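This report considers a predicted protein model. It treats strand pairing, backbone geometry, domains and pockets in turn.

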Amino acid sequence: MAENMIALETARSIVLEHVEPTEVETVEAWRAVGLPLAEDAVTDIDLSPFANSAMDGYAVRSADLAGAGPESPVALEVIGHEAAGHVFSETVGAGQAVRIMTGAPVPAGADAVVKYEIVEVEGGDGNEGSRAVFRAPAPAGDNVRAAGLEAHAGEAVMRAGEVVSAAGAGLLASAGCSTVAVRRAPRVGIISLGTEIVSPDTVPAFGQIRDANASALMASALAAGAEPRFLGIAPDDEESICKLVLEAVASCDFVITSGGASAGDYDYVGALVRREGEMLFDRISLRPGKAITFGMLRGVPFLGLSGNPAAAYVGFEMLARPAIRAMRGYSDLARPVQMVRVEHDVPKRQERRFYNRARVERDEATGELAVREAHSQNSALLGTLHHANCLLMVPEGLTGYTAGDEVPCVRIDIDEGTVL
Ligand code: AMP
Ligand code: MG
């Protein structure tokens, strides 16, 4: 590896060593969807709190129906009913049954429920005063959901670190956890560097470029779980850059710049970090985006990405996204990697690690997954990235792949977990 160039994994560990989880805050349970809990969520009651019916039907004593059969029907006296908000509070005695709705508490004395469809009703409408006739036994526990099936009072229904799903928000509500503890979204400051860069709401003059990176990085930061803040564009002069970046570290938990990093130009960003803070690395074995600066400025992690839109995107994905997720308390920091057969040769001419924009798709004819390379790997093209759903990885030490190889694809369209 070239001098000063460190492996991506080393760079990622350095970044992760320099971020800390944000403080814990309390939010409504449903707002925690997609977030990891910061503390165990404990139920204050049994779930469910009482044994209840899994069917609309009749609550019975299984012993009463032991002898019931097609030729030996058993008739029970219906002594009451259970409906929403109407609880039958007496005890079911021998020869008696209670009309019951799904989810209603199984009354004392009864130990099974027989579904309505297989019960014949005599002498009434099926409620009090009628007789219910059964032609099959009902084993104890039949169609009864036991109390505490899901959890007992005092038990955790969700552990710290577990990511809340939509169904999970419902479970938390059942457990009385209408609010839960999560980590606050880290404030991530985004700055664009370059004398040629202009705001997207202006029409660029000849030689000017609209600021695409700020929007892409703000969106990436938001999707990663941060609260992004755009802090402006600074021209390529040391004083303006220094002023904006130092303002940013005063108000943010993590600061990201793009631009001002290409080899050949004066390295304003590197100079700033060396002068005002601690430089931790400035070259990574990575393409696109080898010129990535990371350091600490006034105690705040600072990441300087190259200006090429694809380089900025890949640099964010590989370093900033895991850092933001660590700050938010996720244990799974990386995107899933999937092995997929590549349809074309993928040459690599440099020793550096490559991440090629590509798409994993199911081949209509064979039904198998295939990875197709994007038409262009030109790092100025954001459209290519917009259509990509993966970054096809070619590691150091390989000169590329040949069509038919199984290759690792980082699924940039999936937040975490395993691709099935
Ligand atoms: P630099 O890292 O400043 O050398 O930038 C590399 C390339 O990316 C140049 O062509 C820049 O014009 C372009 N670039 C830099 N910043 C941005 C930005 N914020 N939006 C779009 N393109 C950019
Ligand atoms: Mg520049």
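Strand 20 is mostly covered, with six of its six residues buried. In a regular strand the side chains alternate between the two faces of the sheet.

Strands of a sheet pair through backbone hydrogen bonds, either parallel or antiparallel. Both senses occur around strand 20. Strand 17 (residues 254-258) pairs with strand 20 in the parallel sense over four bridges, and Thr257 stands opposite Gly304 of strand 20. Strand 19, by contrast, runs antiparallel to strand 20, and five bridges join the two. Within that pairing, Leu297 has Val300 in strand 20 as its bridge partner.

## The hairpin turn and other backbone features

Most residues other than glycine have a negative phi, and most peptide bonds are trans. Strand 19 and strand 20 form a hairpin with two residues between the strands, and there Arg298 takes a positive phi near 50°. Arg298 is placed in the loop between strand 19 and strand 20 (300-305). Is Arg298 buried or exposed? With a relative accessibility of 51%, Arg298 counts as exposed, because the threshold for that class is over 50%.

A positive phi also occurs at Asn143, where the value is about 55° although the residue is not a glycine. Asn143 belongs to the loop between strand 9 (131-134) and strand 10 (144-145). The relative accessible area of Asn143 is 24%, so this residue is partly exposed.

Cis peptide bonds are found in two further loops. Leu47 and Ser48 are joined by a cis peptide bond with omega of about -10°, and Ser48 is in the loop between strand 2 (41-42) and strand 3 (52-53). The peptide bond from Arg287 to Pro288 is likewise cis, with omega near 0°; Pro288 is in the loop between strand 18 (278-281) and strand 19 (293-297).

## Domain division and the barrel

The protein chain is divided into domain 1 (2-23 + 184-328), domain 2 (26-48 + 161-183), domain 3 (52-145) and domain 4 (337-410). Taken over C-alpha atoms, the centres of domain 3 and domain 4 are separated by 63 Å.

Five strands form a closed barrel in the order 21-24-23-25-27, with mixed pairing. On average, neighbouring strands of this sheet are turned by 55° against each other, direction ignored. Glu361 stands opposite Ala370 in strand 24.

## The largest pocket

Rolling a probe the size of a water molecule over the atoms shows where empty space is left. The largest pocket has a volume of about 850 Å³. It is lined by 43 residues, of which Gly307, Asn308, Pro309, Ala311 and Ser379 are the closest to its centre. Two or more lining residues come from each of strand 13 (187-193), strand 15 (209-210), helix 6 (309-328), strand 22 (346-347) and strand 23 (354-362). Strand 23 gives the most, with four residues.

The residues of this lining divide into 15 nonpolar, 16 polar and twelve charged. Domain 1 and domain 4 each provide at least three residues of the lining of the largest pocket.

## The second largest pocket

The second largest pocket has a volume of about 280 Å³. Among its 15 lining residues, Ser220, Tyr313, Glu317, Arg335 and Ile412 are the closest to the centre. Helix 3 (213-224), helix 6 and helix 7 (382-387) each supply at least two lining residues, and helix 3 gives the most, with four. By class, this lining has eight nonpolar, two polar and five charged residues.

How values were computed. Residues are numbered from 1 along each chain as its sequence is written. Chains are lettered from A and ligands numbered from 1 in the order in which they are written. This is a predicted model: local features need pLDDT of at least 70, side-chain atom pairs count only at pLDDT 80 or more; totals for chains, interfaces and linings use all residues. Side-chain values use heavy atoms; hydrogens and water are left out. On a 1 Å grid over the protein atoms alone, a cavity is a set of points where a 1.4 Å probe fits but cannot get out, and a pocket is an open set with protein on both sides within 12 Å along at least five of seven lines; lining residues have an atom within 4 Å of a point. Grid points are joined across faces, edges and corners, and a volume is the space filled by probe spheres set on the points. Ala, Val, Leu, Ile, Met, Phe, Trp, Tyr, Cys and Pro count as nonpolar, Asp, Glu, Lys and Arg as charged, and the others, Gly among them, as polar. Domain bounds come from an automatic or database domain assignment. Two strands pair if DSSP finds at least two bridges between them. Axes are lines fitted to C-alpha atoms, for helices over the stretch in contact, and angles run from 0 to 180 degrees between N-to-C directions. Buried means under 20% relative accessible area, exposed over 50%, partly exposed in between (1.4 Å probe, protein chains only).
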